[in-house]
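Subject: Handing over a structure, with notes

Dear colleague,

I am passing the structure below on to you, together with some notes on what was found in it. Please look at the sequence and the model first, and then read on.

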Amino acid sequence: MASHQTRVRGLRLAYDDAGEGQPVVLLHGFPFNRFMWSGEVERLRATYRVITPDLRGHGETVLEDGAEASYGMDEMARDVAALLDELKIDRAVIGGLSLGGYVTFAFHRLFPLRVKAVILADTRPQADTEENKKAREQNAALALDKGMNAIADAMLPKLLTADSVNNRPELVASLRAMITGTSAEGAAGVLRGMAARRDHTDHLDRITAPTLIIVGSEDTVTPPADAELMRREIRGSRLVVIEGAGHVSNLEKPIEFGDALETFLNESMI
Ligand code: MLT
């Protein structure tokens with residue numbers, strides 16, 4: 001895979017850029033990195049140009065010395081826009097899983113004309129409840145006090161189905177490696193950024209680009225009811241429920257996820 005770095009907005013931003021054709025930007029979940037999209041990149045690169053950045057606070061993207069440590073969803077969306085500027089791309093398919101979906105909403109609100117199509121996987125448009133916000137603050141403290149292994153212990157049972165946790169040690173290990181590869185400071189910042197994110201439910205009816213919504217039937221973090229809400233409010237959107245997948249549905253059911261994604265892209269790029 002072609003790994004790159006570019007300097008934008010006080011960041012050294014790491015990204016992969018593979019294939020040729022219509023650009024498709026895929027944004028990872030929290031607290032993972034661009035390698036969660038390796039399977040999709042391999043599958044799509046024959047037909048599409050697939051761009052997968054590490055969002056600020058994650059992976060190999062780092063803040064330059066003296067840059068403000070600010071991790072809001074709008075900041076991340078502006079980083080993605082700056083990356084597209086660097087790559088001389090005006091419009092792209094923009095999509096993401098969970099946190100990547102929150103950033104996709106922010107991107108669409110800020111730069112609607114740059115969005116050719118939208119992919120919203122295992123995500124939700126609503127802001128955090130007060131209870132969610134408290135849990136984020138506790139997790140930020142956990143990350144800073146006990147490190148990212150403690151975050152992995154707390155998160156893994158929520159990210160995957162019980163079947164995957166018990167029977168797919170390689171999948172569990174690769175998720176743990178992504179989580180523990182995230183810095184505690186970055187994770188704490190992003191948790192606070194997610195807690196402060198705005199509610200996008202009032203924006204859904206302004207999304208007129210072709211939209212694919214994907215959700216694992218067993219996703220308890222952003223459950224199918226949230227996906228249904230998006231399908232109802234985003235005109236003409238398509239919902240694919242992946243049976244037997246939890247929150248990280250692309251890693252648990254890569255073939256089904258890839259089928260949904262590729263079919264959607266092929267149909268909406270004409
Ligand atoms: C994610 O997968 O990005 C997170 O679970 C999102 C969240 O905690 O809201």
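Predicted model: local features only at pLDDT ≥ 70, side-chain atom pairs only at ≥ 80, totals over all residues.

Residues are numbered from 1 along each chain as its sequence is written, and side-chain values use heavy atoms, with hydrogens and water left out.

The ligand first. Gly29, Phe30, Ser98, Leu99, Tyr102, Arg136, Met194, Val221 and His247 surround the ligand, a residue being counted as near if one of its heavy atoms lies within 4 Å of the molecule. Sorted by class, this shell has five nonpolar, three polar and one charged residues (Ala, Val, Leu, Ile, Met, Phe, Trp, Tyr, Cys and Pro count as nonpolar, Asp, Glu, Lys and Arg as charged, and the others, Gly among them, as polar).

Taken alone the ligand exposes 270 Å², of which the protein buries 93% (areas by the Shrake-Rupley method with a 1.4 Å probe; for residues, only the protein chains shown count as cover).

Two residues of the shell also have backbone features to look at. The peptide bond that leads from phenylalanine 30 to proline 31 is cis, with omega near -10°, and proline 31 is placed in the loop between β3 (23-27) and α1 (38-44) (helices, H or I of at least four residues, and strands, E of at least two, are DSSP runs numbered from the N terminus). Serine 98, in the loop between β6 (92-97) and α3 (99-110), has a phi near 55°, which is a positive value in a residue other than glycine. Serine 98 is buried, with a relative accessible area of 8% (buried means under 20%, exposed over 50%, and partly exposed in between, with a 1.4 Å probe and protein chains only).

Histidine 247 leads on to threonine 222, since a polar contact of 3.3 Å joins their side chains (a pair of N or O atoms within 3.5 Å; within protein, one must be able to donate a hydrogen and the other to accept it, and residues adjacent in sequence count only if both atoms are side-chain atoms). Threonine 222 is in the loop between β8 (211-216) and α9 (224-233) and counts as buried at 0% relative accessibility. The side chain of threonine 222 also reaches the backbone nitrogen of threonine 123, at 3.4 Å. Threonine 123, in turn, has its place in the loop between β7 (115-121) and α4 (130-146) and is buried, with a relative accessible area of 2%.

Finally, arginine 197 is found in the loop between α8 and β8, where its side chain makes a polar contact of 2.6 Å with the side chain of aspartate 128, and arginine 197 counts as buried at 7% relative accessibility.
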